[in-house]
Amino acid sequence: MIQRKTHLDSLAIGLLIACCAFWGLQQILIKTTVTEVPPMWQASIRMVGATVLLWLWCASRGVRLFERDGTLWHGLLAGALFAGEFAGIYLGLQHTSASRLTVFLYTAPFWVSLLLPRWVPAERLRGFQWLGLFIAFAGVVLAFSEGFGHMSSSQLIGDAMALAAGMLWGLTTLTLRTTKLATASAEKTLFYQVAVTAAVCPLLSLALGERWGFSYSTWAWTSIALQTVIGAFASYLTWMWLLRHYPATQMSSFTFLTPLFALVFGVVLLKEPLTLQLMVALAGVALGIVLVNRRPAVQHAAGVQP
């Protein structure tokens, strides 16, 4: 039986910050590689590689991926949602800016907070936690507001795709927590997602007319390797494990750190300017996360919060 905790402890917080930091760096990696390796083809290589790595990991640890445990259809659903999220991100970037897409993508925690308590009452957020969620989101909007100056009709399509990607991300989390996948191993849960996406991304790449190849620079392969080994394998496996043991609504608030980490890495690695706007945004996200994860003054004997 899986032991679930009602609040995030120091281990969970440390792992979440580490994951969000790399996901922020990952945006820099993609940005510096996408001009050389087409986006959906890049995603295809990444997900196929992650699927192989996860398969080898499970084989070495004796984790059974193909035994019948009643999770097949739910797993395929989670995989389809995960693949749809990636498609929305990559296709949306053809129509809208990265800053606008990031803001709409990070509406995902709101979907989780709105829908998950209907099935898992213990995940319900209280008033000050909702306030924290909105403050954190406002921080993200503030950080990227400079990219909202000009808007074309095409951006509406990109914005809609980004919003759909955020919804699909939230629905993926909902599926993982409210179906039989909640009792499956973290490895099997992740395998459904990366394997389905590894099958879908090449088809989308072909449909978009992207040129396939393997003759890329050393930096391009280094970037793809980091995205595959740490991003799509290690960090996602960590996220799946955390979802099985900690409240998803509280975890989701930490994802607001990811786009801000991307901006910070842009300052450090790409020598982009550090503005007062970014510093205020970071403070807002930090405050929001503290509020979402604040323990109530009085806890019920059962340990489950109303």
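Select Leu142 to begin, in helix α6 (residues 127-144); helices here are DSSP runs of H or I with at least four residues, numbered from the N terminus. This is a predicted model, in which local features need pLDDT of at least 70, side-chain atom pairs count only at pLDDT 80 or more, and totals for chains, interfaces and linings use all residues. Residues are numbered from 1 along each chain as its sequence is written, and side-chain values use heavy atoms, with hydrogens and water left out.

Leu142 has a relative accessible area of 31% and is therefore partly exposed, a class between buried (under 20%) and exposed (over 50%), with a 1.4 Å probe and protein chains only.

Helix α12 (residues 276-292) supplies the largest share of the patch, three residues.

Val34 is partly exposed, at 33% relative accessible area. Beyond its neighbours within four places in sequence, Val34 is in contact with Pro39 and Gln42, contact being heavy atoms within 4.5 Å. Select Ala220 too: its C-alpha is 8.7 Å from that of Val34, although the two are 186 residues apart in sequence.

Finish on α1, whose 24 residues reach 34 Å from first C-alpha to last, close to the expected 34 Å (1.5 Å times one less than the number of residues).

Notes
Helix = DSSP H or I, 4+ residues; strand = E, 2+ residues; numbered from the N terminus.
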